[in-house]
Amino acid sequence: IYLGPALLFLFGLPCVARVVRVAKQQNVPSIADLVASRFGKSNRLAVAITVIALTAAVPYVALQLKAVAMSLDVLTGAMRGGLAGSWLSDSALWVAAVMALFAMLFGTRAIDAAENHPGLVLAVAAESLVKLLAFVAVGVFALLALGDAAAVREGVRALPLAGGHFSGFVTQTLIALTAIFCLPRQFQVGVVECADPADLRRARWMFPAYLLVFSAFVLPIAALGLRDGPASVSPDAFVLWLPLAAGHEWLALVAYIGGFSAATGMVIVACVALATMISNDLLLPLAWRLRARRGDLGARSTRLVLWTRRVAIVLLLALAFAYYRGVPSAPSLASIGLLAFAAVAQFAPNEVPRLSKLK
C-alpha cells in the first residue's frame, strides 16, 4: 500500500504534475468535476463519479472511526471493539460528532471550493508530523525490546507475509498507486490545495522518504507484537498495546495522540472533499431547479450552498458510523481501506499518457 504511492512519486510524477496543471487551468474543485470536464462537462458522469466516491468514502471514514474506537478501548483497558454496548455508549459516535463540527468549521466557510485552504493544509501537515514522531517512538521501543539484530531478523522472518501470492501483491500495489490521487481526500490535498505545481519537486523525494520511515518501523512493531501479544489483541492495536503491556503509559498516550490526530485529519479532509462533490453534483442541481421554478434565486443562494455542504458532512459521517456498527466482521483495518481504494481506482485513466517534463 505504501509502495504504490512511492513508485508513483519517484517515477510517474510528471503524470501527477499534469493532473495538477489541468485542474488549476480549469479551476475544478473535485475529481468528479475534473473527469467530467474531460468528457464535455458531462453532468451525468459527475453524478456517477460522486456516487462511486461516496460508496468508497463511507468505509474509508468508517475505518477511521473504528481505529479511534479501538484505540480508546485499548487505552482504557475495555478491549470491547467498540460494539459491545448500545450505539449511544459507543465512543465512535461522539468522535464522529466532533469531527463533523470541525469539518463544518474549517471546510464550509467559503463558497468557492476550488480555493486554497492554507490553514487546513497546515493542520494536515501538523498531524502527519505528530503521527510520524509517535510511530517512530513506538518503533524504537520495539527494536530495543527485541534486543540484538539476530532477534530482529528472527522476528521479521516469523511474520505472516504474503509469500507466494505475488498476484495479490501486484494488485494491491497498483490499486494504492491510483488511490493516491483518485481518493477524494487525496485529490483535495494533492491537487486542489497545491498552490504551486513546482512544489511537487520537493514532494518527489520527501513523500517517499516519509513512507519509507513508516514501512521500516512496521516490521519491528509487528514482530514484537506477534511474539509477545496474546491472540485476543488485534495486530491493528499493537502500537498501543505494546507500550501499555510494558508499563510505559506515557508512550501509549503519545501513540494514541498520533493515531487520533491522523484519523481526525483524514476524516475532516475527506468530509470536506465529499461534501463539495455531493453539493455541487447531487443536491444543488435539484435545489436550483426547484428554486428556479419559483423564481427564488436571490441572496440566499450562498447560504444554501454552505448549508448543503454542512448537511452533506453530517450525513456522510452518519453513514460511516452506521457502516462501522453494521459491518463489524471486517478482519482488519487495511481490508476496509482496500474497499475504498478499489472503488476509486475506477477513476484512473485506462491508458498512460506520454510523460512530459516538469516545468
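A disulfide is taken here as a pair of cysteine sulfur atoms within 2.5 Å, and by this rule the count comes to zero disulfides. The structure is a predicted model, in which local features need pLDDT of at least 70 and side-chain atom pairs count only at pLDDT 80 or more, while totals for chains, interfaces and linings use all residues. Residues are numbered from 1 along each chain as its sequence is written, and side-chain values use heavy atoms, with hydrogens and water left out.

The secondary structure comprises 14 helices and zero strands, where helices (H or I, at least four residues) and strands (E, at least two) are DSSP runs numbered from the N terminus. For helix α10, which covers residues 200-228, the 29 residues should span 42 Å at 1.5 Å a residue, and the end C-alpha atoms are 42 Å apart, in agreement with that value; the expected span is 1.5 Å times one less than the number of residues.

Of the 359 residues in the protein, 45% are buried (under 20% relative accessible area, with exposed meaning over 50% and partly exposed in between, for a 1.4 Å probe and protein chains only). The buried residues of α10 include Leu200, Tyr210, Phe214, Phe217 and Leu224. Cysteine 194 counts as buried because its relative accessibility is 8%, and cysteine 271 is likewise buried, with a relative accessible area of 0%.

Among contacts (heavy atoms within 4.5 Å) between residues at least 6 apart in sequence, 83% join residues at least 24 apart.
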